[in-house]
Amino acid sequence: MLAAALLVLGIALGALITMATYATELRRIARFLQTREPRSNARATTAVGAPGIRDLADAVNTELDRSSRERVDAQRHQDEFQRDLSALSHDIRTPLTGAKGYLQLAYDETDASTRQLHLAAATSRIDSTTALLDELFAYTKSTDPDLTLNMQPVALRPLIERVLVGHYPEFEKRGWEPELCMPDEAPGRDLVVLADPDALARILENLVTNAVRHGSDAPRVLVQLTDRGEASITVENPVASTANIDTARLFDRFYQADSARHAAGSGLGLAVSANLAHAMGMELTAHLSDAAARSLSITLTCPR
C-alpha cells in the first residue's frame with residue numbers, strides 16, 4: 001500500500017512540476033510577444049524541450065518571419081509606388097508646362113495665324129495630359145478587387161476589326177497595312193470566346209496602341225486555337241531594336257517611366273491589359289523574336 005501511495009504521489013508531483021514548467025514557458029512566450037518591438041528581429045526561445053512547447057515556439061517564429069517578410073514586401077511596394085508617382089508627376093507637369101508656355105506666347109502674339117499655331121500646340125499638350133490621366137484612371141479601376149465583369153460569349157473577328165479600323169488614320173499616315181489572320185471558321189460562324197466585351201476591347205485596344213507607338217512597321221494580329229481548345233490572340237509588330245525591351249517587366253505599371261522605351265505613352269496601357277486579363281481568367285504573355293527578325297509578340301490566351 002505504501003509503495004502504491006508513493007507511486008501515486010510521485011506521479012502527481014511529476015504532473016504538477018510539468019504543468020508548472022508548461023505554465024512558466026507559456027507565460028514567458030506570452031510576455032515575449034507582448035513586449036517585442038514590431039520591427040524587432042527577436043525570436044521566441046524555450047529553455048526546455050517539453051513536448052509541444054518547442055513546437056509552439058517554432059510556430060510563433062514562423063508567423064513572425066512571415067509578418068516580417070510581408071512588412072518588407074509592403075515597404076518595397078510603397079517605395080516603388082513613390083518612385084512611380086514621382087515619374088508620373090513629371091510626365092504630367094511636362095506637357096502642362098509646355099501648354100502654359102504656348103498659351104503665354106498666344107496671349108502676346110499679334111499675328112492671328114501664329115496665335116492659332118500656339119493655341120493648337122497648347123491644346124495638343126493638354127490633350128496629352130488628359131490621355132495620361134485617363135490611363136491612370138483605367139489602371140486604378142483595373143486593380144479594383146471588386147471590379148464587376150460581365151462575362152459572355154464575344155465574337156472575335158468583328159471586335160478585332162473595330163479596334164484596327166479605329167487606328168486607320170495612324171496606319172494611313174505611316175503607310176502601314178495591318179494584317180488580321182483568323183483560323184478557318186465554319187460558314188456563318190464566328191470564333192467566340194468567353195469574356196467581358198468592354199474589358200476585352202480595352203485589352204486589344206491597348207495592344208494595338210502599343211504596337212503603333214513602339215513598332216517600326218505594321219502590326220499583325222494572329223488568332224489561333226490552342227491544343228486545349230482556347231483562343232490565342234497575338235499582336236506582333238516589328239521593332240527597331242529588341243535590346244532594351246524587358247519582357248519580364250513589360251506589364252509593370254509605369255514601365256515607360258524607365259528609359260527603356262522612349263516613344264510616347266505612360267507605360268500604363270499594358271499594365272491595365274494584364275490586370276483585366278487576370279480578372280477574366282486569361283493569360284497575357286510577351287515574347288521577343290531572335291535578333292535578326294526584331295519583333296515583339298504579345299499573346300492573350302482566352303477561354304472559350
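Predicted model: local features only at pLDDT ≥ 70, side-chain atom pairs only at ≥ 80, totals over all residues.

Residues are numbered from 1 along each chain as its sequence is written, and side-chain values use heavy atoms, with hydrogens and water left out.

**Helix packing**

Helices here are DSSP runs (H or I, at least four residues), numbered from the N terminus. Their axes are lines fitted to C-alpha atoms over the stretch in contact, with angles from 0 to 180 degrees between N-to-C directions.

| Pair | Axis separation | Angle |
|---|---|---|
| H6 (residues 197-214) and H7 (residues 269-279) | within 9 Å | roughly 150 degrees |
| H3 (residues 112-142) and H7 | within 9 Å | roughly 25 degrees |
| H4 (residues 156-166) and H6 | 10 Å | about 45 degrees |

H6 and H7 are therefore roughly antiparallel (over 145 degrees; under 35 is roughly parallel, 65 to 115 roughly perpendicular and the rest oblique). Their crossing is left-handed, a term for a near helix turned anticlockwise from the far one by less than a right angle, with clockwise being right-handed. In this contact (heavy atoms within 4.5 Å), H6 contributes residues including Ile203 and Leu207, and H7 residues including Val272 and Leu276. By class, the H6 and H7 contact has seven nonpolar, four polar and one charged residues (Ala, Val, Leu, Ile, Met, Phe, Trp, Tyr, Cys and Pro count as nonpolar, Asp, Glu, Lys and Arg as charged, and the others, Gly among them, as polar).

H7 also packs with H3, and their angle makes H3 roughly parallel to H7. The crossing of H3 and H7 is left-handed. Glu135, Ala138, Tyr139 and Ser142 of H3 meet Gly269, Ala271, Val272, Asn275 and Leu276 of H7.

Turning to H4, its angle makes H4 oblique to H6, and the crossing of H4 and H6 is right-handed. Leu156, Leu159, Ile160, Val163 and Leu164 of H4 touch Leu200, Ala201, Leu204, Glu205 and Val208 of H6. That contact divides into nine nonpolar, no polar and one charged residues.

**Aromatic rings**

How many aromatic pairs are there? The count is zero, with rings of Phe, Tyr and Trp (its six-membered ring) pairing if their centres lie within 6.5 Å; planes under 30 degrees apart would be stacked, over 60 edge-to-face and the rest tilted. Arg174, however, lies over the face of Trp176, at 5.3 Å from the ring centre (a charge sits over a ring if NZ of Lys or CZ of Arg is within 6 Å of the ring centre and within 35 degrees of the ring normal).

Definitions and conventions: Helix = DSSP H or I, 4+ residues; strand = E, 2+ residues; numbered from the N terminus.
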